[in-house]
Amino acid sequence: MATVTIIGAGMMGSALAFPASENGHTVRLTGTPLDNEIIEHCKKHDRHPKFDRPFPAGVEYYHFEEISSVLTGCDLIICGVSSFGVDWFAENVLPLLPPDIPVLSVTKGLLDMEDGSLITYPEFWQKKLDVLEKNNELCAIGGPCTSYELVAHDQTIVAFCGRNMATLNKLKELMTTGYYHIITTTDMTGIEAAVALKNGYALGIALTIGQNFKRCGKEELHYNSQAAVFLQASKEMHKLVTLLGGNEESFFTGIGDLYVTVYGGRTRLVGILLGEGFTIDEALEKLKGVTLESVVVAGRVARALRKQAAKNIVCEKDFPLLLHVDDIITRKMPVNIPWEKFTSAH
């Protein structure tokens, strides 16, 4: 049996304690400096405050000040921080990593560089590891899996990606359960790009739910508009994943993740509010305290695309949905889904 250290007591990082501990491993759930209340709640109740069931046996709880002890003797480190903690993880955790211990990240997003290029978080962290002259392997998780359904043991299939297939297979053996199924791939860029992009595109799809609510005065079942924007989202995601060098299988993993995010993620909430007519500032105020990585990734990717379009690397007309989402978020424009641009030949 192994010892798994999870750093970041957010919902997804904490949810991974379930398959890990149910496989007989010792799990050290470690909060960031922002997670003190969560860790105290876990210690008192043996349950995450956002989950409706207790942790399995074998989960221990630590504050970040105890980082030295939680890293000692561990076999796997899971990075459970949100995209807002990427720099923090680089500066405060990577320098402390024991040699040879792999890192498995659940953090989703992309960074846009000054030249308009996009890089994944593992690429960003690898640059830091290179400077530190550390040899830890960076791996990541992507796919259709929400934290609360993972806790509820709903069946899912995710992708573990990294550079070394032997390492990925070891991680798969550590984490696979009867409900948590894992495929492995060395296409880290493709997986990380696809599952980051789905956040921005899920927001775009959710706009239709809010618009229909506003039109009908109630949330009626409707599928045409959601499916139509889902189609456009899929086309744009495929172009972007291909542009970044990802393969078809990674794109499909992102589409699975897009589906679950539209119907079960926090991104759905902000998209509905925007579709109802609230401004982005009003929507964020209503959802205060909710981590909305979709807003961040949509803005970054749109900014990169506009820079690349200025260099004739891409054509803005190929990405009308994402750029409209960015117009709503960054330029504070009202929702006006550009249907005619979805049907234009270009």
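This report covers the overall fold, the salt bridges and one surface patch of a predicted model.

Local features need pLDDT of at least 70, side-chain atom pairs count only at pLDDT 80 or more, and totals for chains, interfaces and linings use all residues. Residues are numbered from 1 along each chain as its sequence is written, and side-chain values use heavy atoms, with hydrogens and water left out.

**Overall fold**

The protein chain holds 16 helices and 10 strands. These are DSSP runs numbered from the N terminus (helices: H or I, at least four residues; strands: E, at least two). The radius of gyration is 20 Å, in agreement with the value near 20 Å for a compact globule of 346 residues. That radius is taken over C-alpha atoms, and the globule rule is 2.2 Å times the number of residues to the power 0.38. Along the principal axes, the C-alpha atoms fill a box of roughly 60 × 45 × 35 Å.

Buried residues make up 57% of the 346 residues. Buried means under 20% relative accessible area, exposed over 50%, and partly exposed in between (1.4 Å probe, protein chains only). The accessible surface comes to about 15100 Å² by the Shrake-Rupley method with a 1.4 Å probe. Carbon and sulfur atoms account for 53% of that surface. Among contacts (heavy atoms within 4.5 Å) between residues at least 6 apart in sequence, 70% join residues at least 24 apart.

**Salt bridges**

Side chains of opposite charge can pair when their charged atoms come close. A salt bridge here is a side-chain nitrogen of Lys or Arg within 4 Å of a carboxyl oxygen of Asp or Glu. The count is 11.

| Pair | Closest N and O atoms |
|---|---|
| Arg303 and Asp112 | 2.6 Å |
| Lys288 and Glu285 | 3.0 Å |
| Lys307 and Glu114 | 4.0 Å |

Arg303 sits in helix H14 (residues 293-310) and Asp112 in strand E6 (residues 110-112), so their pair ties together parts 191 residues apart in sequence. Arg303 is partly exposed at 43%; Asp112 is buried at 16%. Lys307 is in helix H14 and Glu114 in the loop between E6 and strand E7 (118-120), so this pair ties together parts 193 residues apart in sequence. Lys307 is partly exposed at 28%, whereas Glu114 is exposed at 75%.

Lys288 is exposed at 61%, and Glu285 is partly exposed at 47%. Arg306, Asp326, Asp327 and Arg331 are linked in a salt-bridge network.

**Surface patch**

Tyr223, Tyr259 and Tyr263 make a nonpolar surface patch of about 370 Å². Patches use residues with over 30% relative accessible area and no salt bridge; like charges are joined within 9 Å, nonpolar side chains (Val, Leu, Ile, Met, Phe, Trp, Tyr) within 5 Å. Tyr223 lies in the loop between helix H9 (188-216) and helix H10 (224-243). Tyr223 is exposed at 52% relative accessible area.
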